[in-house]
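Please consult the sequence and structure shown here while reading.

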Amino acid sequence: MIQVGDVVARLSHQQDVYFHVYKIQGNNFKGKGSNSVILKGLNLRLLADAPISDLVLKSPVEVANYEREDHKMIYQKLHKLTSQRKVELDDQKEFFEIPGRVLQLDGDQEYLQQCIKTYRQMRIEAKGICKSEIEQPRVIRKILQENPTDILVLTGHDGLISGKKDFHNMDSYRSSRYFVESVLEARRFQHNRDALVIFAGACQSNYEAILSAGANFASSPKRMLIHAFDPVFIVERIAFTPTDQIVSVKDILTHTITGTDGVGGVETRGQMRRGYPRSPY
């Protein structure tokens, strides 16, 4: 018996992605005589549904191996970033740095905690607030008023709804309309894309609509799955790029796990301020 919280994969997708079982619904899944199951990606910001008959339960050993490979990819990206940061610091020893601050609204509490922990490991001041994707447009203005920030991350879970073919129709997506509405609200609060840098979206999100709403970076250009840490790696580069420099869009995307298929954006000014002189204390 598959239960809420179990880790599963879909037979119809060659078991390529591991999911947590988020919810089991009692209705007949698309007339196939099987209960509908709502799934949340184990390491991808994907929300999907499937008939319970399509799922296979993954063993603790399989889950451990899957997570080991994922952690290896994350470590490689973090090592590349920290190595680059060391070179930059060695070149500017007489200065001190104030990296950009981050505020992240996330529909997934577990992913949010992991992201905030990683920001702080990279010496970025960050605050996380867990709000579901549907809540985010209603609360974003008040949250911004109460939590001044340089970089805003709006994410959670998304996905193309099975059977939908129109990539421009917001009804084809689970959460994209909420990300678009949230970005619009944030831009009503601060219209300048350099005064407030915004990343928004999740797996398979409506990239063009989110950017048109005013985001600097978004997912997903090719409606691909994105990794839970892709926003973190983009934010790190913005937070540690000086305010007198424009972030190279091509360069910043090489630091992500998904790459240009999953995330993209527009030229954006960095959010780090250098100070002089460095105090000996």
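## Basis of the description

Two strands are taken to pair if DSSP finds at least two bridges between them. Helices (H or I, at least four residues) and strands (E, at least two) are DSSP runs, numbered from the N terminus.

The model is predicted: local features need pLDDT of at least 70, side-chain atom pairs count only at pLDDT 80 or more, and totals for chains, interfaces and linings use all residues. Residues are numbered from 1 along each chain as its sequence is written, and side-chain values use heavy atoms, with hydrogens and water left out.

## Strand β10 and its partners

Strand β9 (residues 151-155) pairs with β10 in the parallel sense, over 4 bridges. Within this pairing, F199 of β10 stands opposite V153. Strand β11 (residues 217-218) also runs parallel to β10, joined to it by 2 bridges; the bridge partner of A200 in β11 is A218.

In a regular strand the side chains alternate between the two faces of the sheet. In β10 (residues 197-200), V197 and F199 lie on one side and I198 and A200 on the other, and all are buried (buried means under 20% relative accessible area, exposed over 50%, partly exposed in between; 1.4 Å probe, protein chains only).

## Crossovers

Helix α4 (residues 176-189) forms a right-handed β-α-β unit with β9 and β10. From β10, the chain crosses through helix α5 (residues 207-213) to β11, again in a right-handed β-α-β crossover. Right-handed means that, with the strands pointing away from the viewer, the path from the first strand over the helix to the second runs clockwise.

## Residue A50

Strand β4 (residues 47-51) contains A50, which is buried at a relative accessible area of 1%. The C-alpha atoms of A50 and Q92 are 53 Å apart in space, and the two residues are 42 residues apart in sequence.
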